[in-house]
Amino acid sequence: MSSILKQLGVAWHRGQPQGMYSVCSAHDLVLEAAIDQALEDGSYLLIEATSNQVNHRGGYTGMLPEDFMRRVVDIAASKRFNESKLILGGDHLGPNPWRQQPALEAMHEAEQTVQAYVRAGFQKIHLDASMPCADDRGPLSCELVAQRAAALCAAAEQASCKRKPVYVIGTEVPAPGGATESLKELAVTSREAAAETLSVHRRVFQEGGLASAWSRVIALVVQPGVEFNHDSVVDYDHVRAEHLTELLKDEEGLVYEAHSTDYQQPNAYRDLVHDGFVFLKVGPALTFAMREALTALSLIEAELVGQGQSSHLMDVLDRTMLKDRCHWEHHYKGDERSMHLLRRYSYSDRIRYYWNDPPVKEAVETLMMNLRHCAIPETLISTFLPEQYRAVRAGTLKPDAHAMIVHRIRQVLRVYACACVASYPQAKQLHISNASSVPLQRCNCP
């Protein structure tokens, strides 16, 4: 699978831009929707887990990398999706989950996580050591970030067998997961900063005996001027990123990876791919769409089921979030009413951290069971899920709660797929004759 990822860079430099979107979510409904979309398109599917979601200690999902890999493979198999077209990646793999610890301890944890990802069969590894740890003073120098990224890379190389991973370096600003403050004007990474990141990393990798690994660095993460916070989105303006596109022309085979591309206008994704931002990360927008569908279905449920039988899903979610504030308290600010609206409707979608909590899972199961046991009138679908209503009326979607949730998520994915499968009329569909047909394999190295 790594050959396909490298070939995307080759294609861009040949003037045949084609993108690949990366689904960054661990929720089963999102994974199912992504696989359905890839099946319809006949395309490869890149799914990534973050170091916060999944790590060698379980992350907030409680899953090890091999657990996540197995879950994705099982869902793919249940839908008869060709496993040879499934690519797994690790996003922001570095000390971020342990940044409250001293750097030596945090990096030790990060190295174990990177190795766990590689051994589980993840082929695309984003090395991100940009965040200061407890004993670091101020922002890290490019040299120190490169040294720590090289240490992570060395750990990954040690854990890999014959199938070597490809790497992504660099990070975006603001921090991953969406900005926490109001966005007025977002600074685009300068050409000088991007060039320095590349040159310093290249030198440090070579000095550390990682020249072979450097040849598998396929992308650099920069800030192209796309971001979202709780209630606003910064739209992509390709003019502001022209200097970054020009820089790529001197870096054969290398492309950019754009993070926080959620909620952009549809034409932005084509522009991004055309400008060299070949890999497009999407995550919160998918669970945001899922939450919209579940909210609508809970309103439908309230019309069809008595109060004693109702799931009261959104109330359960709010109570759960108020009981456990760790995933949103330091992100949202304002009075009680503002905080309520942010918890439930924010673009940042901090609500996504709570879907696996037992009370919430039980409420979702109750909701789905209630709606399975009664026919959902088209008039209610029209009122609360109008776009799904149109598909139901057209005969392309069953008036089934599960199907309508997946359909809503796929509305987001279709925009990415449209931009990536055929980014521009002159772009040719990527066909790779020597692409690996070997399914994902767990590395058996010690």
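Reader: What pLDDT does the protein chain average, and what share of the residues score at least 70?

Author: The protein chain averages a pLDDT of 92, and 91% of the residues score at least 70; pLDDT is the predictor's confidence in each residue, from 0 to 100. This is a predicted model, in which local features need pLDDT of at least 70 and side-chain atom pairs count only at pLDDT 80 or more, while totals for chains, interfaces and linings use all residues. Residues are numbered from 1 along each chain as its sequence is written, and side-chain values use heavy atoms, with hydrogens and water left out.

Reader: Over which residues does pLDDT stay under 50?

Author: Residues 174-180 stay under 50, and the model has 18 contacts for them beyond four places in sequence. Residues 442-446 also stay under 50, with 15 such contacts. A contact means heavy atoms within 4.5 Å.

Reader: Why is Thr 113 called buried?

Author: Buried means under 20% relative accessible area, exposed means over 50%, and partly exposed lies in between (1.4 Å probe, protein chains only). Thr 113 has a relative accessible area of 1%, so it is buried. This residue is found in helix 4 (residues 103-120); helices (H or I, at least four residues) and strands (E, at least two) are DSSP runs, numbered from the N terminus. Not counting residues up to four places away in sequence, Thr 113 touches Asn 55, His 56, Leu 93 and Trp 98.

Reader: What makes Asp 318 a buried residue?

Author: Asp 318 has a relative accessible area of 14%, and because this is under 20% the residue is buried. Its place is in helix 11 (residues 313-323). Asp 318 touches His 340, Arg 343 and Arg 344, not counting residues up to four places away in sequence.

Reader: Which phi does His 92 have, and is the residue buried or exposed?

Author: His 92 has a positive phi of about 50 degrees although it is not a glycine. It is found in strand 3 (residues 86-93). At 5% relative accessibility, His 92 counts as buried.

Reader: What makes Asp 349 count as buried?

Author: The relative accessibility of Asp 349 is 2%, so the residue counts as buried. Asp 349 lies in the loop between helix 12 (336-345) and helix 13 (358-372), and has a positive phi of about 55 degrees although it is not a glycine.

Reader: Which residues of the largest nonpolar core touch the most other members?

Author: Of its 141 residues, they are Leu 45, Phe 68, Phe 279 and Leu 313. Helix 16 (residues 401-421) gives the most to this core, with 11 residues. A nonpolar core is a set of buried Ala, Val, Leu, Ile, Met, Phe, Trp, Tyr and Cys residues joined through side-chain atoms within 4.5 Å. Not counting residues up to four places away in sequence, Phe 279 touches several residues, among them Leu 5, Met 20, Lys 124 and Tyr 256.
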